[in-house]
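Could you walk me through this structure, piece by piece?

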There are 2 protein chains.
Amino acid sequence: MAIRALVFDTFGTLVDWRSGVAREAEQRLPGIDGGAFADAWRARYQPSMEAVRSGRRPFADLDTLQAESLDALLVEFGHADAAAEVKRDLVLAWHRLDAWPEVPAAMAALRQKFVLAPLSNGHVRLIVALARRNGLVFDAVLGAEFSRDYKPKPALYRDAVTALGYAAAEILMVAAHSNDLAAAAGEGLSTAHIARPRENGPAGGETGPAVPVTYAASDLADLARQLGG
Amino acid sequence: MAIRALVFDTFGTLVDWRSGVAREAEQRLPGIDGGAFADAWRARYQPSMEAVRSGRRPFADLDTLQAESLDALLVEFGHADAAAEVKRDLVLAWHRLDAWPEVPAAMAALRQKFVLAPLSNGHVRLIVALARRNGLVFDAVLGAEFSRDYKPKPALYRDAVTALGYAAAEILMVAAHSNDLAAAAGEGLSTAHIARPRENGPAGGETGPAVPVTYAASDLADLARQLGG
């Protein structure tokens, strides 16, 4: 079945969260190891979303969750006295991330042929900021805020299929994370793995899929080539 | 307070639904008065949404509601025997509407300065089809499917404010219909009325706002000029 639409994980797959957060943390928190700070913040990401996924709390967006994680993180890194405006600005560092180098041109090529939408745990405003910063054009913004829940809950993939109006197999979930692709495949979507060996800095990143996928690509330009874009 | 984002009514404000539906009806239903058919279909639009607004049925998208209205309409116009594929194709006529002539260039100019999103009763796939057909680029798709309800219910305007992350007054609701603008103003949004004197063909259309608004414009290009776009 031909692919008609691509839906994208964002953090790690389209944008380099670690370098951006590290850079801004080092600018605002004297003496800090920015990479370690970014890693420690990201480590709190999944547990913070779990309260929403499990239904223990109503949907709260990533800015809210990142702000909550930040307080404990600042204690851990010896900056418990950070001013409120520094904290607000650090949360917004997640809105100022750079795309991986090949992404803008590859996305523009893909949009000639396919409907494109983020299927991310980022909320609408965060996605709009990242897209505008990096010159990415989407046809719609799906994902966490559209579904009021977080991946890998099935609702996000199902709502994307409903919203795009294609058969699930005509929609290609694009991600650098095998667990995201496994969840998408469980809802019948086609899947594409993007290698991001530098996602986590010295700790690496997924160099290939750990689950069966429809496409495995070395980067987004490679995927565009494989799709004949 | 400065405007940061524009949200748009779509049917009537950005696209000419009557001419497009009339044209396709005349092609597919021999001997029909396309304009009268389009008007009669549109007349069933508000009542069909009311079942969702009132909570009598769960959210159903416009394709579903238009398909339901179509059966009675075909009886009324002497085409009760229309084939299933003709019916499906007529529903999709709403996906193939043309923008009013000044809209594509005005939207491109506005997007240089503002975040843009439809705030329409159209669902995601319908909006994506209209946007792609007419070369319109939005930053996100808000409205009925995002909120699982229909305008003028307050949830749609409130959800748009939350999603865009600006103060309500920084968001400008743009519509050719005073009732839509009144509902938006009730949630604190700024408002812009677009005159569409030909929206309903010989029956005319709103030539100016019937309620107090922040901006009144003769068309979208005029609004862009007033906003310094």
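Here is a walk from the domains to the sheet and then to the chain contact.

First, some housekeeping: this is a predicted model, in which local features need pLDDT of at least 70 and side-chain atom pairs count only at pLDDT 80 or more, while totals for chains, interfaces and linings use all residues. Residues are numbered from 1 along each chain as its sequence is written, chains are lettered from A and ligands numbered from 1 in the order in which they are written, and side-chain values use heavy atoms, with hydrogens and water left out.

Let's start inside chain A. Where they touch, 24 residues of domain 1 are in contact with 19 of domain 2, contact meaning heavy atoms within 4.5 Å. The two domains bury about 1700 Å² between them, 54% of it on carbon and sulfur atoms; buried area is the accessible area (1.4 Å probe) that two parts lose on being put together, summed over both.

Two salt bridges cross this domain interface, a salt bridge being a side-chain nitrogen of Lys or Arg within 4 Å of a carboxyl oxygen of Asp or Glu. The side chains of A:Glu199 and A:Arg42 also meet in a salt bridge, at 3.8 Å from N to O.

Now for the sheet. Six strands of chain A form an open sheet in the order S3-S2-S1-S4-S5-S6, with parallel pairing. Strands are DSSP runs (E, at least two residues), just as helices are (H or I, at least four), numbered from the N terminus, and two strands pair if DSSP finds at least two bridges between them. Strand S3 (142-143) and strand S6 (215-217) stand at the edges with a single partner strand each, so one side of each has no neighbour in the sheet. Two bridges join S2 (residues 115-120) of chain A to S3(A), and these run parallel.

Finally, look at where the chains meet. Chain B and chain A give 22 residues each to the contact, and the area buried there is about 2000 Å², with 48% from carbon and sulfur atoms. On the chain B side, B:Arg125, B:Arg132 and B:Phe146 lose the most area to chain A, together 31% of what that side buries. Four salt bridges are counted between the chains. A:Asp139 and B:Arg132 also meet through their side chains in a salt bridge, 2.9 Å from N to O.
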